[in-house]
Amino acid sequence: MSQTPAAESRRRSDTPITLTYSDGTEAERPPERAPAPNLEVSVTTEPPAPYKHGDVIRFWIVVGNKGDAPIPFARVSMQLGNLTIVNVNPTFPDACHELPCDLREIPPDANVSIFVRSRIGEENSFRTVITATPRPPDAVSADNTVTVEGEVEAEPPVNAGVPASADLSVDIEADPDQSRRSGDSVTYLVKIHNAGPQDATNIQVDLRGENMSLQKVTGACSQLPCTVPRIARDGDASLQVSATLGTAGFFRSQVRAISADDPEEANNTTSYEGEITTTTALRAKADLSVMLTEAPAESDQPGDIARFVFSVRNHGPDAATDVQITASSDDAAVLGITQACEVAPCTIAAGSSVAIELDTRPDAVGTFSGRLGVSATEQDPDPGNNSAPFAGEAAPASTEIPWIWIVAAVLGLIGAGTATNAIRKARWRRMIDVRSRLDTGGEISLSPIEPVIPIEIHVRVEPGETEASSIPVRDA
Amino acid sequence: MPNLTLRRLLPDNYQHLDEAIEKYSREQPWTGQASVPGFLWQMLSDRVTAEIHSVLDGDVFGFLAAGWCKAREIRQSATKSLREPDKPLPLVLGKHELSTGIRPVAVVTLGELGKTELPFDLVVKAKFEAVMITLKNGQLISAGSGDCEVSALLKFREHTLYDGASIKTRMLEPVTFDPGLVIAVESTDKPRANP
């Protein structure tokens with residue numbers, strides 16, 4: 001016989017629930033557990049042991065949520081023993097680039113990876129404790145911390161105990177301004193000097209490259225590693241090395257020169273190292289354009305301030321930084337430029353526009369004109385639209401108005417019809433003038449015509465194709 | 001709280017719409033001999049986007065209702081409702097999918113330079129878990145109490161401007177149609193005797 005529970009008594013969500021059936025029998029149901037997050041940290045270390053002083057280790061930290069509710073927030077921190085962080089997430093522009101690092105919501109069954117590269121110091125072991133602390137805390141905190149430890153192999157001097165007869169030293173010279181973009185080629189000069197007191201013989205030269213690939217070696221060696229037979233006392237041997245830089249982040253080229261004649265190796269190794277930037281970062285592009293949006297509605301008089309408003313738009317793809325604005329006019333004084341970005345360096349985000357006001361003062365009666373231009377640090381793929389002209393007209397002062405009345409009176413004598421035709425012709429002339437400016441790709445800047453080209457848009461909606469699957473219908 | 005609007009399914013702007021309009025204008029010149037400066041297409045694109053969004057700022061379920069009017073099962077019920085004039089016929093619709101097409105056409109006049117029509121295609125797709133509608137006199141007069149997943153695809157000619165992911169929504173307030181959307185009409189034709 002089937003039974004339905006007549007009453008259900010719930011004590012707590014984590015305690016069993018007693019079901020009481022209509023016939024008085026009771027049964028226990030397993031406790032219902034509320035969804036909860038469960039943060040778990042795991043770390044993979046590359047490369048594997050053995051390690052030497054100065055080696056760079058990459059820690060791949062995975063912060064996962066093994067629970068069934070999202071983790072709203074988690075802070076990842078790293079305690080370092082005999083380790084120095086080189087970089088964090090070098091190839092992920094949107095990720096955190098330092099530790100501690102705050103992670104936002106991690107959904108159930110999702111992971112967040114953090115790549116940390118750190119260099120081993122001078123001690124003979126290293127240790128790091130990586131902890132991810134969720135907020136609010138999760139029920140199981142034992143898996144929130146991972147410790148990584150390792151031993152560092154001591155590198156005994158190759159020629160320990162051998163009396164010194166030569167003292168080799170290695171030096172690297174490189175152009176500090178040379179490009180350091182991913183995929184670029186770098187060249188540097190390795191100079192091996194023997195301070196004596198004897199000649200150094202059978203000098204073994206080797207190179208350890210990190211995030212760079214060796215391309216060419218010229219000079220005392222044609223490849224690396226190599227052996228230089230002899231360097232005379234107070235003499236030098238030079239090698240020119242060319243290499244290709246790897247991915248964005250740290251790179252290093254370590255050159256070592258050792259000889260049985262030189263047991264003291266403290267100055268026998270040197271490095272050429274630095275940061276590789278992404279290609280796109282240095283080749284940022286911002287397509288700026290300028291458009292005149294407002295001009296004085298009426299003619300100005302000499303000495304009046306004529307204000308023009310321009311819209312400067314950055315069509316991207318990157319932000320335009322350190323935007324410079326210049327304006328010039330042969331027949332009007334440029335009084336000032338008011339721009340939206342008052343904080344230097346001015347930046348216009350990709351896809352954004354800023355309004356710029358230009359105040360000018362015409363010097364004399366008649367037309368005046370000029371041009372406003374913009375530029376930014378980034379490469380502009382279309383510099384042709386980086387400037388726009390402006391123009392206006394300065395009318396005679398009020399004392400000269402009688403001349404206009406005289407002209408009007410003469411026109412009146414000629415006849416209303418003739419005057420109407422003149423006005424009509426003038427309008428056509430203006431429109432033709434506007435069209436000719438459009439034909440040349442220029443901007444529209446005739447102030448008396450408002451609006452210059454009226455744009456009217458209206459939208460009508462037509463029905464499109466409509467489909468419906470089979471619909472189960474029943475009367476309500 | 002009002003229901004989701006069709007406008008909310010769409011982004012604020014569309015990348016490359018200006019280029020698409022410029023390309024269209026090159027293929028079908030409408031601005032006479034004038035060489036239109038590049039910024040004008042961007043300005044036109046912004047204005048057209050705003051105008052189209054303004055006509056789509058209505059209840060998404062109102063737009064989807066056109067799909068119900070085409071469904072065979074609902075047409076049958078609408079015909080049934082004609083037999084009892086002025087009596088509302090509430091129906092519960094089970095799980096089903098709808099796709100409603102809308103064609104906003106932007107009519108653009110650029111001063112004396114020319115005039116053109118820019119045709120857009122908007123497809124709204126919805127997967128309903130359940131929804132209640134009411135028919136009367138062969139017309140759909142209201143819809144209410146429904147859950148669905150809805151998405152929008154907007155194209156300008158062959159250019160896909162936006163293909164949005166589905167979002168879950170609920171009919172928070174009933175949608176009424178006054179006048180109702182005609183689904184079935186009473187036939188006035190009388191049977192004729194063969195000559």
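Pro2(B) lies in the segment that precedes helix 1 of chain B. The model described here is predicted. Pro2(B) is classed as exposed because 7 other C-beta atoms lie within 10 Å, and the cut-off for that class is 12 or fewer. Its contacts, not counting residues up to four places away in sequence, are with Leu172(B) and Glu173(B).

**Nonpolar cores**

The largest nonpolar core comprises 51 residues, and those with the most contacts inside it are Val60(B), Leu64(B), Trp68(B), Val124(B) and Ile133(B). At least two residues of this core are supplied by each of several elements of chain B, including helix 1 (17-27), helix 2 (38-55), helix 3 (60-70) and helix 4 (72-81). Strand 1 (89-93), strand 2 (96-110), strand 3 (114-136) and strand 4 (139-156) of chain B are likewise among the contributors. Strand 3 of chain B provides the largest share, nine residues. Leu64(B) touches Leu98(B), Thr100(B), Val124(B) and Ala126(B), when residues up to four places away in sequence are not counted. Another core, of 26 residues, lies apart from the largest one; among its members are Val290(A), Ala320(A), Val354(A) and Val374(A).

**Contact between the chains**

Across the interface, 46 residues of chain B are in contact with 33 residues of chain A. On the side of chain B that touches chain A, two or more residues come from each of helix 2, helix 3, helix 4, strand 1, strand 2 and strand 3 of chain B. The largest share of that side, 15 residues, belongs to strand 2 of chain B. By residue class, the side of chain B that touches chain A consists of 26 nonpolar, eleven polar and nine charged residues.

**Strand pairing**

Strand pairing also links the two chains: strand 29 (residues 473-475) of chain A and strand 1 of chain B run antiparallel and are joined by three bridges. Further pairings occur within chain A, where strand 19 pairs with strand 15 and with strand 20. The table lists each pairing with one of its bridges.

| Strands | Sense | Bridges | Bridge partners |
|---|---|---|---|
| Strand 29 of chain A, strand 1 of chain B | antiparallel | three bridges | Arg474(A) and Val92(B) |
| Strand 15 (residues 200-210) and strand 19 (residues 249-258) of chain A | antiparallel | seven bridges | Arg208(A) and Gln254(A) |
| Strand 19 and strand 20 (residues 269-276) of chain A | antiparallel | eight bridges | Arg256(A) and Thr269(A) |

Definitions and conventions: Residues numbered from 1 in each chain as written. Chains lettered and ligands numbered in written order. Predicted model: local features only at pLDDT ≥ 70, side-chain atom pairs only at ≥ 80, totals over all residues. Core = buried A, V, L, I, M, F, W, Y, C linked by C-beta atoms within 7 Å. Buried ≥ 20, exposed ≤ 12 C-beta atoms within 10 Å, placed from the backbone. Helix = DSSP H or I, 4+ residues; strand = E, 2+ residues; numbered from the N terminus. Contact = placed C-beta atoms within 7 Å. Nonpolar A, V, L, I, M, F, W, Y, C, P; charged D, E, K, R; others polar. Pairing = 2+ DSSP bridges.
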